[in-house]
Amino acid sequence: MTGVPHHQGGAYDGSFVPSVQGLRGIAALSVLMDHFYDMPKGGMYDIANPGFLPPLWPWLQSVINVGGHGVELFFMISGFLIPASLVRHGSLPRFFFDRVLRIMPVFVVLHIALFAIGPIVAYKFFRGIDLTSYLTIFAANLFFVQDALGLPIAQQNAWTLTYEWAFYIWFAATFSMLRVGGKMLAAPLILLGVACLLHWPITAFFCIGMLFSATGFRISIPGRLGLIAGLACGAAMYASLVLFHPFVGLVPGFLLFGMVLAPGSGLGKALSAPALQYVGKISYSLYLVHPFVLFPLQVIGLKLVAVGVDRWLLWAAFIGLGLVMSLVASAISHELIEVRLRRLLDGAIRGMVFRPLKIGQSV
C-alpha cells in the first residue's frame, strides 16, 4: 500500500476524476436499493412481513437495509470537490450562483410537482391539510429549514441537501475568514464545525473528502487485489455505520476513498466502467427522482397483495420495473432539467447578476 502523489503531491486541482463519477453512481444505486427494501413495507414497521415485502432471510434484510448509507459516500465526494470548486471560482457570489444552478432546478421542479399532485392523491401530510399549513410546509421545504421548524419533509431524500448547503456555507465562510484574517478569525467557525461533527456525526464524512482534496496522498493497490480491498473497505464502512458509531466508519471510509482516488488502482478502474460513469452522470436526478417513480408502484403493490397476489412476484416486479423506470426517468430529468433548463437559466440570469468579465480575467 503506497501513498501516490496526485498533481505533483499538491491539492486537488478540480479536474475530472472518472472514479469519483463512478462512486456517485454507486451511492445513488445504494440508496435506491434501500428503498427497494423499505417502500414495499408501506410504512408498517412493527409487524412481521409487512406490505408486499416477502419473508427474507434476516442477513439479507440487513445487507439491503444498509443501502441508505450511500449518502455518506455523497458527503465524501462533496468534501473533495467543493474546496477546488471554490478556489476555481475565485468569488463567493459566483461559487454560490453555480451551486444554486446545480442543486435547485431538479429539486424545485420535483417540489412543485409534489405540492401540485400531493393533495390530489392524499400523499402523507397532505391529507386534510389547511392552506396555511400547506404554504408553510411548502416554503420551509423550499429553503431546507423544515427540520429546524419541526415540519414534515416533503421530498423523501432531500434531507441530505440541508447538510450539503450547510457544508457549502460553512466551508465558504471558513475559507474566506482564513484568507482575510488567518486562523484567529476562522477559529470560531472551525469550532462551530467541530460542534456540528459531534452533534451530527455523519457530517464527519465531509472531512474525509476535504483531507484528500487538500493533499496528494492516495492509496494505490492495483489489479484484482485493489478491487477486493476496496470492496472490503466499502463493506466495513457500511457495517460500521449500522453496527457502531459513525466515527468508526471513518476509518474504512478513509481507506476506501483513498483507493477510489488513486490513479491506476483496481477499485478506481472498476468505478471507471462506462455503465457506472453514466449512472454517475445522472446520479443527482436518480437520487431525487426515484421515490417519485417508486411511489405509484408501491401503491399498486399494496393493492395487489391485499387481493392475494404472491409477494415474491410483486417484490421482483417492483425491483425490476422500479430500476428500469427510475433510470429512464432520471436520464430524462438529467437531460431536460440538469442540462437544458440549467443552460437556459444560466444564460438568462448570469448576465443580470454579474458584470461580464474583462478579457484575460479568470473565473
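**Aromatic contacts and a helix pair**

R94 is placed over the face of F354, at 4.6 Å from the ring centre. The model in which this arrangement occurs is a predicted one.

With ring centres within 6.5 Å taken as the criterion for a pair, the count for the model is 31 aromatic pairs. One of these is formed by F75 and Y163, whose ring centres are 5.8 Å apart. The planes of F75 and Y163 stand at 35°, so the pair is classed as tilted; planes count as stacked under 30 degrees and as edge-to-face over 60. F75 is part of helix α3 (residues 70-89), while Y163 is part of helix α6 (residues 159-199). The pair therefore ties together parts that are 88 residues apart in sequence. F75 is buried, having a relative accessible area of 1%. Y163 is likewise buried, with a value of 18%, because the limit for this class is under 20% relative accessible area.

Another pair is found between F167 and F171, with ring centres 6.0 Å apart. Their planes lie at 40°, so this pair, too, is tilted. F167 and F171 are four residues apart in helix α6, which means that about one helical turn separates them. F167 counts as buried at 5% relative accessibility, and F171 counts as buried at 13%.

In general, two packed helices are described by the angle between their axes and the distance between the axes. The axes of helix α1 (residues 18-38) and helix α12 (residues 283-306) come within 9 Å of each other and cross at roughly 15°. Angles under 35 degrees count as roughly parallel, and α1 and α12 are therefore roughly parallel to each other. Their crossing is right-handed. On the α1 side, the contact is made by R24, G25, A28, L29, V31, L32, H35 and F36. On the α12 side, the contacting residues are S283, L286, Y287, H290 and L294.

Technical notes. Residues numbered from 1 in each chain as written. Predicted model: local features only at pLDDT ≥ 70, side-chain atom pairs only at ≥ 80, totals over all residues. Heavy atoms only, no water. Helix = DSSP H or I, 4+ residues; strand = E, 2+ residues; numbered from the N terminus. Buried < 20%, exposed > 50% of the residue type's maximum accessible area, 1.4 Å probe, protein only. Lys NZ or Arg CZ within 6 Å of the ring centre and 35° of its normal. Axes fitted to C-alpha atoms, helices over the stretch in contact; angles between N-to-C directions. Parallel < 35°, antiparallel > 145°, perpendicular 65-115°, else oblique. Left-handed = near helix turned anticlockwise from the far one by under 90°. Contact = heavy atoms within 4.5 Å.
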